[in-house]
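Trainee: I'm new to this one. Could you pick a single part, take a close look at it, and walk me through how it sits in the rest of the chain?

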Amino acid sequence: MKIGIKYCGGCNPRYDRTDIVRRLRGDMPGAEIVSAVPGAELDYAVIVCGCTSACADADGITGKHGRMLLTSGDAYEELLERLKQL
Amino acid sequence: MALMTGEEYIESIRKIKMEVYMFGEKIESPVDDPILRPSLNSVRMTYDLAQMPEYEDLMTVTLEDGRKINRFTNIHRNTDDLIKKVKMQRLLGQQTAACFQRCVGMDAFNAIYSTTFETDKAYGTNYHENFLKFMRYCQDNDLTVDGAMTDPKGDRSLAPHAQPDPDMYLHVVERRPDGIVVRGAKAHQTGMLNSHEVIVMPTVSMKPEDKDYAVSFAVPLDTPGLFMIIGRQSCDTRKLEGSELDVGNSEFGGVEALTIFDDVFVPNDRIFLNGETEFAGMLVERFAGYHRQSYGGCKVGVGDVLIGAAAVAADYNGAARASHIKDKLIEMTHLNETLYACGIACSAEGHKTESGNYIIDLLLANVCKQNVTRFPYEIVRLAEDIAGGIMVTAPSEKDFRDPKLGKYVEKYLKGVEGVSTENRLRILRLIENLALGTAAVGYRTESMHGAGSPQAQRIMIARQGNLAMKKELAKKIAHIKE
């Protein structure tokens, strides 16, 4: 599975955004995790935003099975659940 | 050319044979000088972060033609660009706890973009085309550009042309078929030393008699006749002592220079204004507006570090649970976020210029900067209050490392259990650095005078404040009929 990651710019994050990706790499060792760019072919896209303003420019970034926008580290379990169901 | 890495940026600056003086001596390799290097590292962060996926959304812009550029060379296309500029500046302030210097070029870019467009419309000149060519060169080569505005000004009561010494404002001394020759100086040039190019702009509104002073252009830093005399910073020579601890922030810093233009030649295609005096004021006002917006980002990021440092000092002192300490940290946060709110507000309320780029709301940008002339001082005062007097009386690292004295410093400067004396000293020195060391140049006095002194904002606030409408509101509510 190819998972694309798009971060916001990180001006005032409320949690460690890169930790989400570290955990994903650990919990989904078979997945290919790449930086998401608009138009790229992905199975799933994860938009990792540091706060609820969620200002990442994610236009054109999505996966075959959709995408999920994270604005809190607590949402990681839900993300993992979704990915495991694909 | 792709975006430069931080290392490529440093090597590109190393190759520029600029003329730099400090303490009466010529500095042969500014890039390797221990006093100057931290300032280069701060600019380097604008390149390093642009390479990192977790920051590139703020640090870079992908243009409609597909080119990916550093946001510092961007022309704002909408209010979202203006907002992201402020967020990027906050991020860089957080990452460096210093002035990262590259904003001034970005603000000059955007002010000149719209002003040259309108000057050409009025006069049929080709300044906008000149600027577009220069802008493209900077974008494609990922260059750092200094924006030089402040002239020495001599007798402040006199116009540029009326000064006893005509060089107190930079001016054209010769017009040739292939360009102009300029003479003068620009003071307080933050980041000039770490730039590839400099954009020069006038510093005040002008009348027809000041024609030779209404000049704007760009030249590379190794242009003959251009040289810099580095400004002193409080505690600057601590960097020569080899102590990482005592300097507070050993990796990052800012730098300022008195920059002399001693009969510098500017070719025609690098000229953006040349005698059209009525557009000098427009350029000054727009640049100042953008730069006053900038302070609602950069100083907030530095403030984030200072608030964090004060909170850590409180932890190490065992005072974190005291209600007055908690309240002081709240007050610091309140002040800092108020600055940020102003930076975001003037961006969100921005509008399109005739040229198509976006400019901030000038009233809100000036309110932003007016607050910046005050709040960092109060944030520093509260940080000093929380840190305690030891931040300015602690012995040196040399004493701390001394076989005889070290054990006494270790013993008597210890705070809470579980925290080393060294770590306590480190956080205190960081606060000292920001409050009254080298970084205080950027965080305090630059907050006062950078992008214009407080009175300059008050003049703009008076102009933009819409007092007539407010008076009408009052009369209507009071049922006054005149």
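Mentor: Happy to. Residues 24 or more positions apart account for 79% of the contacts in chain B with a separation of 6 or more, where a contact means that two C-beta atoms, placed from the backbone, lie within 7 Å. A bit of housekeeping: this is a predicted model, where local features need pLDDT of at least 70, side-chain atom pairs count only at pLDDT 80 or more, and totals for chains, interfaces and linings use all residues. Residues are numbered from 1 along each chain as its sequence is written, while chains are lettered from A and ligands numbered from 1 in the order in which they are written.

Chain B carries 17 helices and 14 strands; these are DSSP runs numbered from the N terminus, with helices (H or I) of at least four residues and strands (E) of at least two. Of its 482 residues, 52% are buried, meaning that 20 or more other C-beta atoms lie within 10 Å of a residue's own, placed from the backbone (12 or fewer is exposed, and in between is partly exposed).

Where they touch, domain 1 of chain B puts in 58 residues and domain 2 of chain B puts in 50. On the domain 1 side, the elements giving two or more residues are helix H4 (79-96), helix H5 (103-123) and helix H7 (278-317) of chain B. H4(B) gives the most, with 13 residues.

Now the close look: Gly350(B). This glycine is in the loop between helix H8 (323-348) and strand E13 (351-352) of chain B. Gly350(B) counts as buried because 26 other C-beta atoms lie within 10 Å. Leaving aside neighbours within four places in sequence, Gly350(B) is in contact with Thr79(B), Leu82(B), Tyr358(B), Ile359(B), Ile360(B) and Asp361(B). Leu428(B), by comparison, is 78 residues from Gly350(B) in sequence and 40 Å away in space, C-alpha to C-alpha.

Over residues 280-478 of chain B, the chain is 76% helix and 2% strand, and the end C-alpha atoms are 43 Å apart.
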